[in-house]
Amino acid sequence: MGWAPDGAGAAGTTLEALRALGSGPRGLVEQQAEERLAAHGENVFPGRRPASWPRRLARGLRDPFTAVLLGLGLVSAAVASWGTACVIAVLVTVSSVLRATGEHRADRAAATLRDLIATTATVRRRATETSPPGTRELPVDQLVPGDVVLLAPGDVVPADLRLLRATGLTLHEAALTGESAPVGKRVPSAGGGASTHEGSPAAPGPAPGGTRRTGARGGPGSPSPGRPVLVTAPQRPPADRERSPGEAHRTGPRPADAPAPLDLLSRPDLCLQGSSVVSGSGVGVVIATGADTVLSGALPRGPERTRAPRPFDRSVNGIAWTLVRFMLLTAPVVLIAGALLRGRGLETLPFAVAVAVGLTPEMLPVVVTTALARGAALLARGGEVVVRRLPALHDLGAVDVLCVDKTGTLTQDRPVVARSVGADGRDDPAVLRWAAVNALWTLHLAELPAPDALDEAILDADEEAAASGAYGPGAYETGTDRTEAYEREGAHPAAAPGLPAPPADRIAGGITDRTGDDIAPAGDAPAPADRPDTPARHLRAVPSPTTPASPSEDLEGVAALPYGPGRRIATAVVRGSGPVDGRVHTLVVKGAPEDVLERCALDDGERARLARHADELAADGLRVLAVAVAERPARARPYTPADERGLTLLGFVGLRDALAPTAAEALAALSRRGVTVKVLTGDHPGTAARACRELGLEPGEVVTGDRVDALTGPELAVLADRSTVFARCAPEHKARIVGALREAGRTTGFLGDGVNDLAALRSADVGICPREGVDVAREAADVVLASKDLTSLERAIVTGRRSTGNIAAYLRITLSSNLGNVIAMLVAGLMLPFLPMLPAQVLVQNLCFDAAQLALAFDRPGPDAHRRPAVLRPRDLLRFMTGFGLLNAVADLATFGVLALAVRSLGEEEGQAAFHAGWFTENLLTQALVMLLLRSGRHAAEGRVPGPIRAATSALAVVGLLLPLSPVGPALGMSALPPLYYGLMAVVLALYGLGLAATRKRFGARPPASDPGRRTG
């Protein structure tokens, strides 16, 4: 894969890059841009070119059954059996057209989902060399290397850029990495350090091991620049590995030959196409466009690597080769037997070809395409699922293992507060209240470009706690009441800031205050046990839910020191509204536990104890923020980070990912359908395990990426089969796990949406991508979802099983009937002095039966067919067709006896015509009976027949009874039958029906398409 931009501009210093690109901060001259556009081509995504209609039709001919039919057609034409040859040509054409039409519609629906790449970009160019630079909106496809592009919040990066200047710039790179955490970008200084353009603070260094950034996916709620790196594990990465901010949560060694995208993403001065700006601003020079970008480099260069056969391919190939063996055996047997026993020569060849055609399910390509296209159309009509490759619908129904990511699938891209605990480890609402004060006034005073997702979660949790009465029956202490409370406790006001009133409601883009009543004295509130490290040890008041006071009344914001590059804490400075409180400023500090603890007045032992407590919370799957306070005499001069010393720790706030609202229900539904869900995530093991437990999915032993690296293929296959959660997974780990599951015999689906998921998407039996996924992932996927929702995927799996059930019903009915007819033909050909059925009669019979069986594509299998993975298994079908085929042959031989008795009084020529008519009628009636009794529809056990099946079987019976009596009958070599035949035939049909019912009960209602969870055939 061509991951790295091949042109100049990616290496060297910024000045060297500009020189290599022939550009500068003022931008290109228009004439230069035109020349480069002609040389490099348009900046368009090199999507796969849609296949032409001739190519689609030719692709349909590669189906094994279609190839068999073509071979029979050529043989028929060679022996001048033009009727058979023409009918076979029609069947092949109809099947190919139906399949090509279905795939064309799917490609057209998928093409409408291309919404990742931006349409315009803000570019700086000059009219002439001496003209001043100007900015204008330019179509993205007109960008060329050397163009200077301006980035602002909400922009999609239109090409691969190298930053010239950045101010608090953070990007969302989920399209490339699949991670929801925005990544800070900066321009390195000449010495390798961070530059401080426009007053930007220094950029952060590598994150500590076991930590990760969290946040919402773009837009409101996304993290602000330099947001804290939250503690999630007390482990560190190997010393020989550099870790990028966006990769900080991963552990385990990376192979030396790992793909380059992660190396490029680790560069803070590169902004790659497909990522989006969360906050801040920047100016960059284009270093790669079109097919040279990292995003485009995910596509294979040259012929795509051959993928392993899918479940549909394996099943159809297995059935096809089984029938080919039968056919290759049948035709010579007919010829040899005719020559040895009856002295017939090549005149038997058309009959032998007709017998071979009779064994072949000629309509299988048409029925398969119709059943799959109908299922795909039903899914597309609901707007939830687009099946890009029709056989993938069958494969989806065969899936028994589904591999998914955690973020966006099981959880939402936003955090929620799980608990707040004091420094002693007990739940303490005061910690959440102080964290909310910090969040509110930081958002209000710092003028951040976008609200921080963690702050929003804290404010939401505080508001819910206040509304639900979780803060208890106490009151707030403010103003004179607070001073009096201090005096009652014998404490100085500066010693205990107490518990503030609940923060105001958060509204996107600003703050809305709430008014409230007066605050009761704090002395009336209950007092929990004293804690020496808590500044409010003299006042244990908790907020009263009946007093909805606002901090804008009880506390006044003074200053804020927000998160920034290299800064993982945020501080809000507040003061009370009373006369005494106005002389004291309270610093409320919130951020990464290790950074906050470093600033607290603690001895080494206490600091180590608290750090272990934070690690324990992180090990439980929480993202941890520490909260501390300190009081300073009021002053007018600005506050700086130097004032964040001598803090008193209040406790910790633990946050977790918000669960997807439909995830638990979808997981339960998939489990009922026999689908095992496995979670492949880059998150910390504790975070992944906690989310799974909360959703009712038992995580068991969590396997990490470094353990995957240490296993061989067979060892990984065993481990992957029994494990549920895989954490710290890099892209190569996901692909190996999916491949190992397939090697273990599981039919595997993979749901991915980023460039980092491409290898796993191609390794899976069914690649699934949501609509908002990156373009190349949608191109590689077999199924596209309207949203990353497992509920719609569960419905698609059910639809796939229905389609597979209908195909299996057709195969059961057709193959058993055809085998019985072939056996009867061979026996009759050896016993009778004439052909038991003329080739034209065999062809018409097959056409009537095949046309009627198209109705099976519109049947609806029973509930049992939805509860297990479904795949067409040749062994089961062979067993089924043998048992019912022999029963059908017995009915045909009994019909021969009836015919011999009914037509014995007729002359030789008239008797042969009557024999042909009698067997023709019996064949169509028995096959109509088979359709009614052997189908797997949901009403089969109830005796109810759906409309399409009822109409098809009725038409089949009418043709069988009336065609010999019509003017067409003599043309086909058939004549009217004596009344005695119809009475005897009714007896044969009744006995045959009883035999079918008894045999079906013995075989069981379980269709041979169901698969217990291992690959077969």
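**A close look at Val-385**

Guide: Let's start with the neighbours: leaving out residues up to four places away in sequence, Val-385 touches Leu-379, Ala-380, Val-783, Val-784, Leu-785, Ser-792 and Ala-796. Touching, or contact, means heavy atoms within 4.5 Å. Before we go on, this is a predicted model, where local features need pLDDT of at least 70, side-chain atom pairs count only at pLDDT 80 or more, and totals for chains, interfaces and linings use all residues. Residues are numbered from 1 along each chain as its sequence is written, and side-chain values use heavy atoms, with hydrogens and water left out.

Back to our residue. Val-385 sits in strand β11, residues 385–387. Helices (H or I, at least four residues) and strands (E, at least two) are DSSP runs, numbered from the N terminus. Val-385 counts as buried because its relative accessible area is 1%; the cut-offs are under 20% for buried, over 50% for exposed and partly exposed in between, with a 1.4 Å probe and protein chains only. Across the whole chain, of the contacts between residues at least 6 apart in sequence, 76% join residues at least 24 apart.

Leu-793 takes us to Ile-768, which touches it along with Leu-396, Leu-402, Phe-750, Leu-751, Gly-752, Leu-761, Ala-781, Val-783, Leu-785, again not counting residues up to four places away in sequence. Notice that Val-783 and Leu-785 are on the contact lists of both Val-385 and Ile-768. Ile-768 also belongs to the largest nonpolar core, which has 115 residues; together with Leu-790 and Leu-811, Ile-768 touches the most other members. Helix α26, residues 790–831, gives the most to this core, with 15 residues. A nonpolar core is a set of buried Ala, Val, Leu, Ile, Met, Phe, Trp, Tyr and Cys residues joined through side-chain atoms within 4.5 Å. In soluble globular proteins, nonpolar side chains tend to be buried together.

Now for some other covered spots. Strand β20, residues 648–659, has nine of its twelve residues buried. Strand β13, residues 411–422, runs antiparallel to β20, joined by eight bridges, and Arg-419 stands opposite Gly-654 in β20. Strand β19, residues 623–633, also pairs with β20 in the antiparallel sense, over seven bridges, with Arg-623 opposite Leu-655. Pairing needs at least two DSSP bridges between two strands.

Helix α22, residues 713–722, has Leu-716, Ala-717, Leu-719 and Ala-720 as its buried residues. Those pack against β21 (676–680), β22 (703–704), α21 (705–709), β23 (725–727) and α23 (731–743). In the loop between β23 and α23 you'll find Arg-728, which counts as buried because its relative accessibility is 1%. Arg-728 has a positive phi, near 55°. Most residues other than glycine have a negative phi.

Finally, step back. The chain has 32 helices and 26 strands, and 58% of its 1017 residues are buried.
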